[in-house]
Amino acid sequence: MRSAPTILHLDMDAFFASAEQASKPSLRGKAVIVGGLGPRGVVATASYEARVFGVNSAMPMAQARRLAPNAAYLVPRFGFYRSISEQVMALLRALSPLVEPLSLDEAFVDLEAGGAAWDEASARLAGVKLRADIRAFTGLTGSVGLAASKMLAKIASEQAKPDGLVLIEPGTERALLGPMSVRTLPGVGPATGDHLRRAGIHTVDELAEAGEDELVRLLGKAHGHALYAMALARDERPVVAERETKSVSVEDTYDVDIHDRVRVGLEVQRLADRCVRRLRGAGLSGRTIVLKVRRYDFSTLTRSETLRGPTDDPGVVREAAARLLEAVDTTGGVRLLGVGVSGLADYTQEDLFAQAAGELGAEESGEEGDGSGEAAGVGDVVEVPVERRWAAGHDVVHAEFGHGWVQGSGLGRVTVRFETPESEPGRVRTFRVDDPLLTVADPLPLVRGRPGASVGGAGA
(Lines give C-alpha, C1' and ligand atoms only; values in the text may rest on other atoms or scores of the structure.)
Protein backbone atom coordinates (compact mmCIF):
# COMPACT_ATOMS: atom_id res chain seq x y z
CA MET A 1 0.00 0.00 0.00
CA ARG A 2 1.19 3.49 -0.80
CA SER A 3 1.39 6.36 1.64
CA ALA A 4 -0.38 8.76 -0.76
CA PRO A 5 -3.63 8.45 -2.79
CA THR A 6 -1.88 8.51 -6.17
CA ILE A 7 -3.85 5.77 -7.93
CA LEU A 8 -6.77 7.18 -9.87
CA HIS A 9 -9.79 5.29 -11.15
CA LEU A 10 -11.95 6.94 -13.80
CA ASP A 11 -15.44 5.70 -14.64
CA MET A 12 -17.45 7.60 -17.23
CA ASP A 13 -21.02 8.22 -16.08
CA ALA A 14 -23.61 6.00 -17.85
CA PHE A 15 -21.27 6.22 -20.82
CA PHE A 16 -23.28 4.93 -23.78
CA ALA A 17 -26.53 6.58 -22.65
CA SER A 18 -24.79 9.86 -21.79
CA ALA A 19 -23.13 9.94 -25.22
CA GLU A 20 -26.54 9.46 -26.83
CA GLN A 21 -28.08 12.24 -24.73
CA ALA A 22 -25.22 14.59 -25.61
CA SER A 23 -25.67 13.93 -29.32
CA LYS A 24 -29.49 14.18 -29.23
CA PRO A 25 -30.84 17.36 -27.57
CA SER A 26 -34.39 15.98 -27.43
CA LEU A 27 -33.22 13.16 -25.09
CA ARG A 28 -31.38 15.28 -22.53
CA GLY A 29 -32.85 14.83 -19.08
CA LYS A 30 -34.98 11.89 -20.24
CA ALA A 31 -34.76 8.15 -19.69
CA VAL A 32 -32.49 6.56 -22.31
CA ILE A 33 -31.73 2.85 -22.56
CA VAL A 34 -29.08 1.47 -24.92
CA GLY A 35 -28.87 -2.21 -25.83
CA GLY A 36 -30.21 -4.99 -28.00
CA LEU A 37 -33.80 -4.26 -28.92
CA GLY A 38 -34.87 -7.80 -29.85
CA PRO A 39 -36.85 -10.11 -27.56
CA ARG A 40 -33.58 -11.51 -26.18
CA GLY A 41 -31.73 -8.22 -26.01
CA VAL A 42 -30.12 -6.95 -22.82
CA VAL A 43 -29.47 -3.45 -21.48
CA ALA A 44 -25.93 -2.23 -22.17
CA THR A 45 -26.34 1.10 -20.35
CA ALA A 46 -29.22 3.00 -18.79
CA SER A 47 -29.18 6.73 -18.16
CA TYR A 48 -29.58 7.90 -14.57
CA GLU A 49 -33.12 9.01 -15.44
CA ALA A 50 -33.90 5.40 -16.45
CA ARG A 51 -32.28 3.96 -13.33
CA VAL A 52 -34.91 5.73 -11.24
CA PHE A 53 -37.38 3.16 -12.64
CA GLY A 54 -35.12 0.26 -11.64
CA VAL A 55 -33.47 -0.31 -15.02
CA ASN A 56 -29.84 -1.51 -14.81
CA SER A 57 -27.11 -2.82 -17.07
CA ALA A 58 -27.36 -6.51 -18.09
CA MET A 59 -31.11 -6.53 -17.40
CA PRO A 60 -33.24 -8.27 -20.07
CA MET A 61 -34.61 -5.62 -22.41
CA ALA A 62 -38.13 -7.02 -22.05
CA GLN A 63 -37.98 -6.35 -18.30
CA ALA A 64 -36.62 -2.85 -18.91
CA ARG A 65 -39.55 -2.08 -21.21
CA ARG A 66 -41.99 -3.12 -18.50
CA LEU A 67 -40.28 -0.91 -15.93
CA ALA A 68 -39.80 2.11 -18.21
CA PRO A 69 -42.21 1.86 -21.13
CA ASN A 70 -41.79 5.53 -22.10
CA ALA A 71 -37.99 5.55 -22.24
CA ALA A 72 -36.04 6.00 -25.48
CA TYR A 73 -34.64 2.64 -26.60
CA LEU A 74 -31.57 2.84 -28.85
CA VAL A 75 -29.24 0.42 -30.62
CA PRO A 76 -25.56 0.87 -29.56
CA ARG A 77 -23.16 2.84 -31.81
CA PHE A 78 -19.87 1.25 -30.78
CA GLY A 79 -17.76 3.11 -33.33
CA PHE A 80 -19.05 6.38 -31.89
CA TYR A 81 -18.39 5.32 -28.30
CA ARG A 82 -14.92 4.07 -29.20
CA SER A 83 -13.95 7.40 -30.73
CA ILE A 84 -14.97 9.23 -27.54
CA SER A 85 -13.10 6.66 -25.46
CA GLU A 86 -9.94 7.33 -27.46
CA GLN A 87 -10.16 11.03 -26.57
CA VAL A 88 -10.59 10.18 -22.87
CA MET A 89 -7.72 7.68 -22.86
CA ALA A 90 -5.47 10.27 -24.53
CA LEU A 91 -6.18 12.63 -21.63
CA LEU A 92 -5.28 9.87 -19.17
CA ARG A 93 -2.02 9.10 -20.97
CA ALA A 94 -1.09 12.77 -20.76
CA LEU A 95 -1.13 12.29 -16.97
CA SER A 96 0.96 9.13 -16.80
CA PRO A 97 2.57 6.42 -18.91
CA LEU A 98 0.87 3.84 -16.66
CA VAL A 99 -2.76 3.73 -17.77
CA GLU A 100 -4.68 0.47 -17.45
CA PRO A 101 -7.91 0.53 -19.48
CA LEU A 102 -10.57 -1.87 -18.21
CA SER A 103 -13.17 -1.05 -20.87
CA LEU A 104 -14.15 1.81 -23.17
CA ASP A 105 -15.28 3.90 -20.21
CA GLU A 106 -13.10 2.83 -17.30
CA ALA A 107 -9.38 2.90 -16.46
CA PHE A 108 -6.78 3.04 -13.68
CA VAL A 109 -3.97 5.63 -13.76
CA ASP A 110 -0.75 5.65 -11.71
CA LEU A 111 -0.38 9.39 -11.12
CA GLU A 112 2.91 9.00 -9.28
CA ALA A 113 4.55 7.26 -12.24
CA GLY A 114 3.83 10.27 -14.44
CA GLY A 115 4.83 12.86 -11.84
CA ALA A 116 1.25 14.17 -11.86
CA ALA A 117 0.78 13.63 -8.11
CA TRP A 118 2.85 12.75 -5.07
CA ASP A 119 0.58 13.62 -2.13
CA GLU A 120 -3.07 14.16 -1.28
CA ALA A 121 -3.25 17.78 -2.49
CA SER A 122 -1.58 17.16 -5.85
CA ALA A 123 -3.69 14.03 -6.43
CA ARG A 124 -6.90 15.97 -5.83
CA LEU A 125 -5.77 18.73 -8.22
CA ALA A 126 -5.00 16.13 -10.91
CA GLY A 127 -8.44 14.59 -10.49
CA VAL A 128 -10.23 17.93 -10.66
CA LYS A 129 -8.33 18.93 -13.80
CA LEU A 130 -9.01 15.58 -15.46
CA ARG A 131 -12.76 15.87 -14.92
CA ALA A 132 -12.74 19.42 -16.34
CA ASP A 133 -10.71 18.32 -19.38
CA ILE A 134 -13.05 15.40 -20.08
CA ARG A 135 -16.05 17.72 -20.03
CA ALA A 136 -14.29 20.27 -22.26
CA PHE A 137 -13.10 17.74 -24.84
CA THR A 138 -16.08 15.39 -24.95
CA GLY A 139 -19.02 17.19 -23.37
CA LEU A 140 -19.47 14.20 -21.03
CA THR A 141 -18.84 13.63 -17.33
CA GLY A 142 -16.73 11.10 -15.48
CA SER A 143 -16.41 10.15 -11.83
CA VAL A 144 -12.97 9.94 -10.25
CA GLY A 145 -11.75 7.90 -7.29
CA LEU A 146 -8.34 8.49 -5.68
CA ALA A 147 -6.72 6.14 -3.19
CA ALA A 148 -3.54 4.30 -2.29
CA SER A 149 -4.60 1.09 -4.07
CA LYS A 150 -6.57 -0.01 -7.10
CA MET A 151 -9.32 -1.66 -5.08
CA LEU A 152 -9.97 1.44 -3.00
CA ALA A 153 -9.71 3.82 -5.97
CA LYS A 154 -12.47 1.87 -7.71
CA ILE A 155 -14.64 1.90 -4.59
CA ALA A 156 -14.06 5.66 -4.35
CA SER A 157 -15.15 6.30 -7.94
CA GLU A 158 -18.32 4.30 -7.32
CA GLN A 159 -19.06 6.53 -4.32
CA ALA A 160 -18.38 9.60 -6.47
CA LYS A 161 -21.06 8.78 -9.04
CA PRO A 162 -22.43 10.60 -10.82
CA ASP A 163 -20.06 13.39 -11.85
CA GLY A 164 -18.02 13.59 -8.67
CA LEU A 165 -14.62 13.01 -7.05
CA VAL A 166 -13.90 11.05 -3.88
CA LEU A 167 -10.45 10.75 -2.28
CA ILE A 168 -9.80 8.11 0.38
CA GLU A 169 -7.15 9.30 2.77
CA PRO A 170 -4.44 6.75 3.60
CA GLY A 171 -5.02 5.34 7.08
CA THR A 172 -8.81 5.55 6.88
CA GLU A 173 -9.33 2.52 4.61
CA ARG A 174 -10.27 -0.04 7.29
CA ALA A 175 -12.83 2.25 8.91
CA LEU A 176 -14.35 3.03 5.51
CA LEU A 177 -14.57 -0.59 4.34
CA GLY A 178 -15.80 -2.10 7.62
CA PRO A 179 -19.55 -1.43 7.41
CA MET A 180 -19.75 -2.04 3.65
CA SER A 181 -21.36 -5.13 2.16
CA VAL A 182 -19.02 -7.95 1.21
CA ARG A 183 -20.36 -7.49 -2.35
CA THR A 184 -18.33 -4.27 -2.47
CA LEU A 185 -15.08 -6.24 -2.75
CA PRO A 186 -13.77 -7.39 -6.14
CA GLY A 187 -14.44 -11.06 -6.77
CA VAL A 188 -17.52 -11.29 -4.55
CA GLY A 189 -20.36 -11.96 -6.95
CA PRO A 190 -23.88 -13.21 -6.27
CA ALA A 191 -22.81 -16.82 -5.67
CA THR A 192 -19.94 -15.99 -3.29
CA GLY A 193 -22.09 -13.37 -1.58
CA ASP A 194 -24.85 -15.91 -0.92
CA HIS A 195 -22.32 -18.43 0.35
CA LEU A 196 -20.91 -15.90 2.82
CA ARG A 197 -24.39 -14.78 3.86
CA ARG A 198 -25.33 -18.34 4.75
CA ALA A 199 -22.23 -18.41 6.95
CA GLY A 200 -23.43 -15.26 8.73
CA ILE A 201 -20.98 -12.92 6.98
CA HIS A 202 -22.59 -9.78 5.55
CA THR A 203 -20.10 -6.93 5.97
CA VAL A 204 -16.39 -6.45 5.37
CA ASP A 205 -15.85 -6.16 9.11
CA GLU A 206 -17.48 -9.57 9.62
CA LEU A 207 -15.30 -10.93 6.81
CA ALA A 208 -12.16 -9.76 8.62
CA GLU A 209 -13.43 -11.07 11.97
CA ALA A 210 -14.07 -14.53 10.48
CA GLY A 211 -10.34 -14.91 9.99
CA GLU A 212 -8.22 -16.19 7.16
CA ASP A 213 -8.50 -19.89 8.07
CA GLU A 214 -12.31 -19.76 8.10
CA LEU A 215 -12.43 -17.99 4.73
CA VAL A 216 -10.09 -20.58 3.21
CA ARG A 217 -12.35 -23.31 4.57
CA LEU A 218 -15.44 -21.63 3.11
CA LEU A 219 -14.08 -20.45 -0.25
CA GLY A 220 -10.91 -22.36 -0.98
CA LYS A 221 -7.28 -21.42 -0.60
CA ALA A 222 -6.78 -18.82 -3.34
CA HIS A 223 -10.12 -17.03 -2.93
CA GLY A 224 -10.03 -17.17 0.85
CA HIS A 225 -6.54 -15.66 1.12
CA ALA A 226 -7.39 -12.92 -1.42
CA LEU A 227 -10.64 -11.90 0.27
CA TYR A 228 -9.06 -11.77 3.71
CA ALA A 229 -6.34 -9.45 2.39
CA MET A 230 -8.93 -7.19 0.77
CA ALA A 231 -11.01 -7.12 3.97
CA LEU A 232 -7.91 -5.70 5.68
CA ALA A 233 -7.63 -3.11 2.85
CA ARG A 234 -4.48 -4.76 1.49
CA ASP A 235 -4.06 -4.50 -2.26
CA GLU A 236 -0.60 -4.42 -3.80
CA ARG A 237 -1.64 -4.82 -7.43
CA PRO A 238 0.25 -2.40 -9.71
CA VAL A 239 -1.30 -0.42 -12.54
CA VAL A 240 -0.41 -2.35 -15.71
CA ALA A 241 0.01 -0.14 -18.76
CA GLU A 242 -0.81 -2.67 -21.46
CA ARG A 243 -3.13 -5.64 -21.28
CA GLU A 244 -2.23 -8.22 -23.89
CA THR A 245 -5.13 -9.10 -26.17
CA LYS A 246 -5.68 -12.84 -25.81
CA SER A 247 -8.41 -13.32 -28.39
CA VAL A 248 -10.60 -11.60 -30.95
CA SER A 249 -14.19 -12.76 -31.32
CA VAL A 250 -17.67 -11.82 -32.50
CA GLU A 251 -21.04 -13.34 -31.71
CA ASP A 252 -24.73 -12.83 -32.47
CA THR A 253 -27.83 -13.72 -30.46
CA TYR A 254 -30.91 -14.46 -32.56
CA ASP A 255 -34.42 -13.32 -31.73
CA VAL A 256 -35.79 -16.64 -32.97
CA ASP A 257 -33.93 -19.96 -32.67
CA ILE A 258 -32.34 -21.09 -35.94
CA HIS A 259 -33.25 -24.66 -36.88
CA ASP A 260 -32.16 -24.74 -40.53
CA ARG A 261 -28.68 -26.31 -40.69
CA VAL A 262 -27.84 -24.44 -43.89
CA ARG A 263 -28.76 -21.13 -42.27
CA VAL A 264 -26.59 -21.97 -39.26
CA GLY A 265 -23.66 -22.67 -41.58
CA LEU A 266 -24.12 -19.38 -43.42
CA GLU A 267 -24.28 -17.47 -40.14
CA VAL A 268 -21.00 -19.06 -39.03
CA GLN A 269 -19.37 -18.01 -42.31
CA ARG A 270 -20.60 -14.45 -41.87
CA LEU A 271 -19.31 -14.33 -38.29
CA ALA A 272 -15.95 -15.69 -39.43
CA ASP A 273 -15.64 -12.83 -41.92
CA ARG A 274 -16.53 -10.26 -39.27
CA CYS A 275 -14.01 -11.78 -36.88
CA VAL A 276 -11.25 -11.59 -39.47
CA ARG A 277 -12.00 -7.95 -40.23
CA ARG A 278 -11.69 -7.18 -36.53
CA LEU A 279 -8.48 -9.23 -36.36
CA ARG A 280 -6.96 -7.36 -39.29
CA GLY A 281 -8.08 -4.04 -37.88
CA ALA A 282 -5.98 -4.78 -34.80
CA GLY A 283 -3.00 -5.82 -36.93
CA LEU A 284 -3.10 -9.36 -35.54
CA SER A 285 -3.36 -12.96 -36.67
CA GLY A 286 -4.04 -16.15 -34.76
CA ARG A 287 -3.53 -19.91 -34.72
CA THR A 288 -6.60 -21.19 -32.87
CA ILE A 289 -10.11 -20.90 -34.31
CA VAL A 290 -12.95 -21.13 -31.77
CA LEU A 291 -16.63 -21.80 -32.45
CA LYS A 292 -19.27 -21.03 -29.81
CA VAL A 293 -22.82 -22.42 -30.04
CA ARG A 294 -25.58 -21.79 -27.52
CA ARG A 295 -28.47 -24.14 -28.16
CA TYR A 296 -32.21 -23.85 -27.60
CA ASP A 297 -31.90 -25.18 -24.02
CA PHE A 298 -29.21 -22.59 -23.11
CA SER A 299 -26.46 -25.23 -23.12
CA THR A 300 -23.30 -23.69 -24.56
CA LEU A 301 -20.69 -25.62 -26.53
CA THR A 302 -17.26 -24.43 -27.63
CA ARG A 303 -15.06 -26.18 -30.14
CA SER A 304 -11.57 -25.18 -31.26
CA GLU A 305 -8.99 -26.08 -33.87
CA THR A 306 -5.33 -25.04 -33.88
CA LEU A 307 -3.71 -24.36 -37.26
CA ARG A 308 -0.11 -24.93 -38.29
CA GLY A 309 0.62 -21.23 -38.05
CA PRO A 310 -1.09 -17.88 -37.39
CA THR A 311 -3.42 -16.52 -40.08
CA ASP A 312 -5.67 -13.57 -40.80
CA ASP A 313 -7.12 -15.03 -43.97
CA PRO A 314 -10.93 -15.16 -44.11
CA GLY A 315 -10.92 -18.35 -46.20
CA VAL A 316 -8.83 -20.19 -43.64
CA VAL A 317 -10.99 -19.05 -40.72
CA ARG A 318 -14.23 -19.82 -42.58
CA GLU A 319 -13.11 -23.36 -43.42
CA ALA A 320 -11.92 -24.06 -39.87
CA ALA A 321 -15.18 -22.75 -38.40
CA ALA A 322 -17.17 -24.91 -40.84
CA ARG A 323 -15.21 -28.00 -39.80
CA LEU A 324 -15.89 -27.25 -36.14
CA LEU A 325 -19.59 -26.83 -36.83
CA GLU A 326 -19.76 -30.33 -38.36
CA ALA A 327 -19.13 -31.79 -34.90
CA VAL A 328 -21.98 -29.87 -33.23
CA ASP A 329 -25.59 -31.06 -33.11
CA THR A 330 -27.89 -28.10 -33.85
CA THR A 331 -31.12 -29.97 -34.60
CA GLY A 332 -32.94 -28.58 -31.56
CA GLY A 333 -32.27 -24.99 -32.56
CA VAL A 334 -29.54 -22.40 -32.02
CA ARG A 335 -29.98 -19.11 -30.15
CA LEU A 336 -26.37 -17.80 -30.25
CA LEU A 337 -23.35 -18.30 -32.51
CA GLY A 338 -19.84 -16.95 -32.14
CA VAL A 339 -16.49 -17.25 -33.92
CA GLY A 340 -13.19 -16.28 -32.34
CA VAL A 341 -9.46 -16.43 -32.96
CA SER A 342 -6.88 -16.88 -30.19
CA GLY A 343 -3.18 -17.69 -30.01
CA LEU A 344 -2.55 -14.22 -31.40
CA ALA A 345 0.55 -12.97 -33.15
CA ASP A 346 1.51 -9.92 -35.17
CA TYR A 347 2.48 -11.90 -38.26
CA THR A 348 0.82 -14.48 -40.54
CA GLN A 349 1.77 -17.84 -42.00
CA GLU A 350 -0.79 -18.41 -44.70
CA ASP A 351 -2.24 -21.75 -45.72
CA LEU A 352 -2.04 -21.15 -49.46
CA PHE A 353 -4.36 -23.99 -50.42
CA ALA A 354 -7.13 -22.85 -48.10
CA GLN A 355 -6.52 -19.27 -49.15
CA ALA A 356 -6.94 -20.12 -52.81
CA ALA A 357 -10.13 -22.03 -52.08
CA GLY A 358 -11.49 -19.17 -50.03
CA GLU A 359 -10.93 -16.70 -52.85
CA LEU A 360 -13.31 -18.55 -55.19
CA GLY A 361 -16.23 -16.16 -55.23
CA ALA A 362 -15.79 -15.10 -51.61
CA GLU A 363 -16.76 -11.54 -50.93
CA GLU A 364 -16.75 -9.99 -47.49
CA SER A 365 -20.09 -8.67 -46.29
CA GLY A 366 -20.59 -5.42 -44.32
CA GLU A 367 -19.60 -5.32 -40.64
CA GLU A 368 -23.21 -5.05 -39.57
CA GLY A 369 -24.89 -7.95 -41.32
CA ASP A 370 -28.64 -8.14 -41.40
CA GLY A 371 -28.72 -11.71 -40.15
CA SER A 372 -30.69 -12.93 -43.18
CA GLY A 373 -28.33 -15.85 -43.69
CA GLU A 374 -28.37 -15.51 -47.50
CA ALA A 375 -25.10 -15.61 -49.38
CA ALA A 376 -24.24 -15.07 -53.04
CA GLY A 377 -22.34 -17.75 -54.88
CA VAL A 378 -20.23 -17.57 -58.04
CA GLY A 379 -22.31 -16.31 -60.94
CA ASP A 380 -25.34 -15.40 -58.83
CA VAL A 381 -27.18 -12.18 -59.61
CA VAL A 382 -27.32 -10.22 -56.39
CA GLU A 383 -30.38 -8.01 -56.01
CA VAL A 384 -30.27 -5.08 -53.60
CA PRO A 385 -33.23 -5.44 -51.25
CA VAL A 386 -35.83 -2.73 -51.70
CA GLU A 387 -36.39 -2.22 -47.98
CA ARG A 388 -33.43 -0.91 -46.02
CA ARG A 389 -33.12 -1.40 -42.30
CA TRP A 390 -32.72 1.60 -40.02
CA ALA A 391 -31.39 1.07 -36.48
CA ALA A 392 -33.01 3.16 -33.74
CA GLY A 393 -30.66 5.92 -32.61
CA HIS A 394 -28.27 5.73 -35.55
CA ASP A 395 -27.35 8.76 -37.65
CA VAL A 396 -28.82 9.67 -41.02
CA VAL A 397 -28.76 12.64 -43.35
CA HIS A 398 -31.53 13.84 -45.65
CA ALA A 399 -30.74 15.85 -48.76
CA GLU A 400 -33.38 18.45 -47.84
CA PHE A 401 -33.63 18.38 -44.03
CA GLY A 402 -30.02 17.69 -43.05
CA HIS A 403 -28.62 15.60 -40.19
CA GLY A 404 -30.82 13.55 -37.89
CA TRP A 405 -31.24 10.22 -36.14
CA VAL A 406 -33.64 7.32 -36.44
CA GLN A 407 -36.42 7.28 -33.86
CA GLY A 408 -37.92 4.07 -35.21
CA SER A 409 -38.95 2.15 -38.31
CA GLY A 410 -41.47 -0.41 -39.42
CA LEU A 411 -44.25 -1.09 -41.91
CA GLY A 412 -42.18 0.40 -44.70
CA ARG A 413 -41.65 3.73 -42.89
CA VAL A 414 -38.79 5.30 -40.95
CA THR A 415 -39.20 8.17 -38.48
CA VAL A 416 -36.32 10.63 -38.14
CA ARG A 417 -35.73 13.48 -35.71
CA PHE A 418 -33.61 16.21 -37.28
CA GLU A 419 -31.22 17.73 -34.74
CA THR A 420 -27.50 17.96 -33.96
CA PRO A 421 -25.52 18.09 -30.69
CA GLU A 422 -25.45 21.90 -30.86
CA SER A 423 -29.04 22.51 -32.00
CA GLU A 424 -32.32 22.85 -30.19
CA PRO A 425 -34.55 19.73 -30.04
CA GLY A 426 -35.51 19.06 -33.63
CA ARG A 427 -38.60 18.24 -35.63
CA VAL A 428 -39.74 14.72 -36.45
CA ARG A 429 -40.53 13.56 -39.99
CA THR A 430 -41.49 10.21 -41.49
CA PHE A 431 -40.25 8.80 -44.82
CA ARG A 432 -40.47 5.62 -46.84
CA VAL A 433 -37.65 3.28 -45.89
CA ASP A 434 -36.40 3.38 -49.49
CA ASP A 435 -36.46 7.19 -49.78
CA PRO A 436 -33.48 7.98 -52.06
CA LEU A 437 -32.85 11.30 -50.28
CA LEU A 438 -32.23 9.57 -46.92
CA THR A 439 -28.84 7.95 -46.29
CA VAL A 440 -26.74 6.64 -43.41
CA ALA A 441 -24.42 9.25 -41.87
CA ASP A 442 -21.40 9.41 -39.56
CA PRO A 443 -21.99 10.72 -36.01
CA LEU A 444 -21.27 14.40 -35.47
CA PRO A 445 -18.69 15.44 -32.85
CA LEU A 446 -20.16 16.28 -29.46
CA VAL A 447 -17.84 19.26 -29.02
CA ARG A 448 -16.65 21.22 -32.04
CA GLY A 449 -13.34 22.99 -32.32
CA ARG A 450 -11.42 20.67 -30.00
CA PRO A 451 -8.41 18.54 -30.98
CA GLY A 452 -9.57 15.02 -31.72
CA ALA A 453 -13.22 16.05 -31.70
CA SER A 454 -13.91 14.44 -35.04
CA VAL A 455 -15.89 11.25 -34.60
CA GLY A 456 -15.37 8.40 -36.99
CA GLY A 457 -17.26 5.23 -37.70
CA ALA A 458 -20.41 4.63 -39.65
CA GLY A 459 -23.65 5.59 -38.01
CA ALA A 460 -25.43 2.33 -38.78
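User: If a salt bridge is a side-chain nitrogen of Lys or Arg within 4 Å of a carboxyl oxygen of Asp or Glu, how many salt bridges does the count come to?

Analyst: This is a predicted model, where local features need pLDDT of at least 70 and side-chain atom pairs count only at pLDDT 80 or more, while totals for chains, interfaces and linings use all residues. Residues are numbered from 1 along each chain as its sequence is written, and side-chain values use heavy atoms, without hydrogens and water. By the salt-bridge rule the count comes to 25.

User: How many residues apart in sequence are the parts that the pair of E112 and R2 ties together?

Analyst: The side chains of E112 and R2 form a salt bridge, with 3.6 Å from N to O. E112 is in the loop between β6 (106–110) and α5 (120–138) and R2 in the segment before β1 (7–12), so the parts tied together are apart in sequence by 110 residues.

User: Which residue in β3 is the bridge partner of I33?

Analyst: Strand β2 (residues 32–35) pairs with β3 in the antiparallel sense, over three bridges. In β3, the bridge partner of I33 is A46.

User: Why is α10 called oblique to α11?

Analyst: Helix α10 (residues 212–219) packs against helix α11 (residues 221–231) with the axes 7 Å apart, at an angle of about 140 degrees. Under 35 degrees counts as roughly parallel, over 145 as roughly antiparallel, 65 to 115 as roughly perpendicular and the rest as oblique. The class of α10 to α11 is therefore oblique, for an angle of about 140 degrees.

User: Which residue in β17 does V397 stand opposite?

Analyst: Five strands form an open antiparallel sheet in the order β16-β15-β14-β13-β17. The edge strands are β16 (427–432) and β17 (438–440), and β13 (residues 395–398) pairs with β17 in the antiparallel sense over three bridges. In β17, V397 stands opposite T439.

Terms used. Two strands pair if DSSP finds at least two bridges between them. Helices (H or I, at least four residues) and strands (E, at least two) are DSSP runs, numbered from the N terminus. Axes are lines fitted to C-alpha atoms, for helices over the stretch in contact, and angles run from 0 to 180 degrees between N-to-C directions.
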